[in-house]
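Please read it with the coordinates open.

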Amino acid sequence: MMQFFSKSKSKTTGLGLDYKAGDEHYRAFVGPPKDYDLISAMVFNLLTCIGLRQHHRILDIGCGSLRVGRLLIPYLNPQNYYGVEPNKWLVEDGIDNEIGRALVKIKKPTFSFHASLDEFKEPLNLDYAVAQSIFSHCSKDLIEHWLSQVSFHLKDSGALLATFLVDDKDYDGHGWVYPGCVKYRPDTMAETASKFDLRFKVLDWAHPRQTWALFSKEKYDTSLIDGGPISWNRVVTRRL
């Protein structure tokens, strides 16, 4: 675990619109560069519409070049953002190109440059975790690994938001598949979630290519998800 304050020279710069998804550019490596802003807005809006507030603690799994972190880090109170990303250069370029070193010093996010949460020995007491386009590249054993670790670090009222690709049969390979994708049945996701005391629910929240799902602990408040479309209006109405 480390606080990120070092100064480095960016490996890549610019919007990268001429690059393909998976190319070695900080925006392209994490997906189609033309959708970089769209994905940022999609995730941030979903989180705030289901209750994310500035005092919450959140884990960004595969935080990459801070496509979502560039909105979450300024929004959250200091020390409330955790980003896990094995490709350190992506985080470096995300800081230099998207948020700047000064904001890192102010907000004090924590970054871990690993492909797991093994270095966090004590529960992080997270309110939320997000895994956008992670399970769509994971074999079932990797999904189980992440659900086990996230369940350990979530509060009893916490939840993981994750995307996956739906099919009528499950991927039966092993390991990390990138830039290729893998698919699973929703029933398989539900069965896997139950192994780690997580409830599973497919969400009605649009994604350009994948499907959103909620993996929640027993005491998670589902009032902003159940009984109608997820919307900002429901958040405001509940507060009145």
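1. A word on the kind of model comes before the details. The structure is a predicted model, and what follows should be read as a description of that prediction.

2. The largest nonpolar core holds 35 residues, and those that touch the most other members are Leu 72, Tyr 81, Phe 111, Leu 161 and Trp 212. Two or more residues come from each of the helices H1 (36–49), H2 (69–75), H3 (88–99) and H4 (101–107), and likewise from each of the strands E5 (126–131), E6 (154–166) and E9 (211–216). Helix H1 gives the most to this core, with seven residues.

3. With residues up to four places away in sequence not counted, Leu 72 touches Phe 44, Leu 47, Leu 52, Ile 58 and Tyr 81.

4. On which side or sides of helix H6 do its buried residues lie? The residues concerned are Thr 188, Met 189, Thr 192 and Ala 193, and they lie on the same side of H6 because they cover an arc of only 135° around the axis. What covers these buried residues includes helix H5 (140–153), strand E6, strand E7 (183–184), strand E8 (199–202) and strand E9.

5. Within helix H6, which spans residues 186–194, Thr 188 can be followed individually. Thr 188 is buried, with a relative accessible area of 3%, and its contacts, leaving aside neighbours within four places in sequence, are with Lys 140 and Asp 170. Between Thr 188 and Gly 158, which are 30 residues apart along the chain, the C-alpha separation is 22 Å.

6. The loop between H6 and E8 contains Phe 196, which counts as buried at 17% relative accessibility. Leaving aside its neighbours within four places in sequence, Phe 196 is in contact with Glu 144, Leu 147, Ser 148 and Ser 151. Phe 196 and His 145 are 51 residues apart in sequence, with their C-alpha atoms 10.0 Å apart in space.

7. Asp 197 is placed in the loop between H6 and E8, and Asp 197 has a positive phi of about 60° although it is not a glycine. At 63% relative accessibility, Asp 197 counts as exposed. A positive phi, of about 70°, is also found at Gln 79, which is not a glycine either. Gln 79 is in the loop between H2 and strand E3 (81–84), and at 44% relative accessibility Gln 79 counts as partly exposed.

8. The peptide bond that joins Tyr 178 and Pro 179 is cis, with omega at about 5°, and Pro 179 lies in the loop between E6 and E7.

9. The largest pocket has a volume of about 730 Å³. Its lining is made up of 37 residues, of which Ser 133, Ile 134, His 137, Trp 176 and Tyr 178 are the closest to the centre. The elements that give two or more residues to the lining are strand E2 (58–61) and helix H5.

10. How many disulfides does a search of the whole structure find? The number is zero. For Cys 63, the closest cysteine sulfur is that of Cys 138, at 15 Å, which is too far for a bond because a disulfide needs the two sulfur atoms within 2.5 Å. Cys 63 counts as buried at 4% relative accessibility, and Cys 49 counts as buried at 6%.

Technical notes: Residues numbered from 1 in each chain as written. Predicted model: local features only at pLDDT ≥ 70, side-chain atom pairs only at ≥ 80, totals over all residues. Heavy atoms only, no water. Buried < 20%, exposed > 50% of the residue type's maximum accessible area, 1.4 Å probe, protein only. Helix = DSSP H or I, 4+ residues; strand = E, 2+ residues; numbered from the N terminus. Contact = heavy atoms within 4.5 Å. Core = buried A, V, L, I, M, F, W, Y, C linked by side-chain atoms within 4.5 Å. Arc of directions from axis to C-beta. 1 Å grid on protein atoms, 1.4 Å probe; cavity = no way out; pocket = protein on both sides within 12 Å on 5 of 7 lines; lining within 4 Å. Points joined across faces, edges and corners; volume = space filled by probe spheres on them.
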